[in-house]
Amino acid sequence: QVQLVESGGGLVQAGGSLRLSCAASGFTFSRYAMSWYRQAPGKERELVARITRAGGRTNYADSVKGRFTISRDNAKNAVYLQMNSLKPEDTGVYSCNAKGDWVGVRENDYWGQGTQVTVSA
């Protein structure tokens, strides 16, 4: 079955770094665009970063540009989010998303359970 399992969250002081990982299984990873979303308490979920199927293009929320980097390893069926210079406002549950980007899978949209990131001031 389809699984997206995030890891790497935790508690970090402002200015610190974390690296999130998302391990995918149960689908053809290289046919999916991958994204990281986050949801802070009392707020709507927002897109943090997205990477295309082959990793050739990325885009970021304005609030994280220059601090976060999304990458993927199609051989390992994994996507990563390197987060540097963390701020308290980066606190939230970070979730991995896979969106089909190939013939026959474009309607597929998978989510992981999320990992908590807490940044203390």
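Let's start with Arg53 and Asp101: they form a salt bridge, with the closest N and O atoms 3.3 Å apart. By salt bridge I mean a side-chain nitrogen of Lys or Arg within 4 Å of a carboxyl oxygen of Asp or Glu. This pair links distant parts of the chain, 48 residues apart. Arg53 is in the loop between strand 5 (46-51) and strand 6 (58-60), and Asp101 is in the loop between strand 9 (92-100) and strand 10 (109-111). Strands here are DSSP runs (E, at least two residues), numbered from the N terminus. Both ends are partly exposed: Arg53 at 26% relative accessible area, Asp101 at 31%. The cut-offs are under 20% for buried and over 50% for exposed, with partly exposed in between (1.4 Å probe, protein chains only).

Ground rules, quickly. This is a predicted model, where local features need pLDDT of at least 70, side-chain atom pairs count only at pLDDT 80 or more, and totals for chains, interfaces and linings use all residues. Residues are numbered from 1 along each chain as its sequence is written, and side-chain values use heavy atoms, leaving out hydrogens and water.

The count is six salt bridges. Next one: Asp90 and Arg67, 2.8 Å from N to O. Asp90 lies in the loop between strand 8 (78-83) and strand 9, Arg67 in the loop between strand 6 and strand 7 (68-73), so the pair ties together parts 23 residues apart in sequence. Asp90 is buried, at 0% relative accessibility. Arg67 is buried too, at 11%. Shared partners join Arg38, Glu46, Arg67 and Asp90 into one network of salt bridges. Within it, Arg38 meets Glu46 at 2.7 Å between the closest N and O atoms. Arg38 is buried at 6%; Glu46 is partly exposed at 32%.

Now the rings. There are five aromatic pairs. Rings of Phe, Tyr and Trp (its six-membered ring) pair if their centres lie within 6.5 Å; planes under 30 degrees apart are stacked, over 60 edge-to-face, the rest tilted. Phe27 and Tyr110 are tilted: 5.3 Å centre to centre, 50° between planes. They sit 83 residues apart, with Phe27 in the loop between strand 3 (18-25) and strand 4 (32-39) and Tyr110 in strand 10. Tyr32 and Tyr110 are stacked, at 5.7 Å and 25°. Tyr32 is buried, at 2%. Phe27, Phe29, Tyr32 and Tyr110 make one aromatic cluster.

Last, which residue lies over the face of Phe29? Arg72, at 4.4 Å from the ring centre. The rule: NZ of Lys or CZ of Arg within 6 Å of the ring centre and within 35 degrees of the ring normal.

Notes. Helices (H or I, at least four residues) and strands (E, at least two) are DSSP runs, numbered from the N terminus.
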